[in-house]
Amino acid sequence: MMTLVRSGMLRFFSPSLSHPHTFSFSSSSLSIPNPPTPSLPNPLSRSISTHASFQTQLFIPPGIQPDEVDDSAVLPGSNIAVGPYAGDSRIKEVEFVKSSSRAKDCPRDDRPEFAVLGRSNVGKSSLINSLVRKREIALTSKKPGKTQLINHFLVNKSWYLVDLPGYGFAKASETAKTDWSSFTKGYFLNRNTLVAVLLLIDASVPPQKIDLDCANWLGRNNIPITFVFTKCDKMKVAKGKRPDENIRDFQELIKQNYKQHPPWIMTSSVTGLGRDELLLHISQLRNYWDQ
Ligand code: GDP
């Protein structure tokens, strides 16, 4: 079982929100149960339960007290407790709304939104397609130098899933890199309806500097963030580390930049690991935001 340490209290301010998100942490330790679907081909859940021992704070959403949280309230493969705001998380319909080349061109109807961000090749398109259960709805351009667009998808006519341009193209020119940075940073700093950024991190490779830089920038700017670890089905390659070891290393490296540890969750677009859990997490943040 994975041990989590819960402590302290976090007031999660976003400059873009009309009210603060308050999330709290208790000080006891907690075990994450194995996923409730034993039939799922999910080797990681076994390796996590037998090998992982990293410590991280539990994320307790609004509406629930730390002492009310027991093991069964924590989403498998994450540090996220489920609270009373977690409603129906199913995606019944999704429609592409528009691509915007500037933050100020994004939809202005005040619906809450979740932005998906990650290094090129992290598995962003695969995750979005898996979340909405549609093949190739996310077809963002993968070529450096091509126009970078913010793509808005309207889910259940009530909230947006936003596909942001990937960062870190190995072959991108300096101009393209700078463009990405000013373009996307403008979005983060000016988007009033942004509930949280889902920052995708590839768990099949060791922590990458560019991901750490991105996480730290978001943290410094008080942008609410959830770490979504991708490719957690990929087992150790040659002398590489297992996904849970890479996740532990990543958490260690960002720890000093966060007073309270952000929510995190393990996913795989191949096995479906973490999909329903991530949707539930989104649902409780969204329902609270809607209050
Ligand atoms: P993007 O550039 O971030 O949109 O990444 P893609 O979704 O196109 O995925 C990049 C590569 O990683 C592709 O070869 C995918 O098949 C692979 N991939 C994506 N998600 C997963 C996953 O969960 N597990 C594994 N094993 N491979 C994945």
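Two residues are said to be in contact when they have heavy atoms within 4.5 Å. The model is predicted, so to speak of local features a pLDDT of at least 70 is needed, side-chain atom pairs count only at pLDDT 80 or more, and totals for chains, interfaces and linings use all residues. Residues are numbered from 1 along each chain as its sequence is written, and side-chain values use heavy atoms, with hydrogens and water left out.

Beyond its neighbours within four places in sequence, T184 touches L117 and L164.

Next comes the sheet. Its seven strands form an open arrangement in the order β5-β7-β8-β6-β9-β10-β11, with mixed pairing, where two strands pair if DSSP finds at least two bridges between them. At the edges stand β5 (94-100) and β11 (264-266), each with a single partner strand, so one side of each lacks a neighbour in the sheet. Within the sheet, β6 (residues 113-118) and β9 (residues 194-202) are parallel partners over six bridges, and G118 sits opposite L200 in β9.

Helix α2 (residues 124-132) packs on this sheet, touching β5, β6, β8 (159-163), β9 and β10 (225-230), and its direction makes about 155° with that of β8. Axes here are lines fitted to C-alpha atoms, for helices over the stretch in contact, with angles from 0 to 180 degrees between N-to-C directions.

Technical notes: Helix = DSSP H or I, 4+ residues; strand = E, 2+ residues; numbered from the N terminus.
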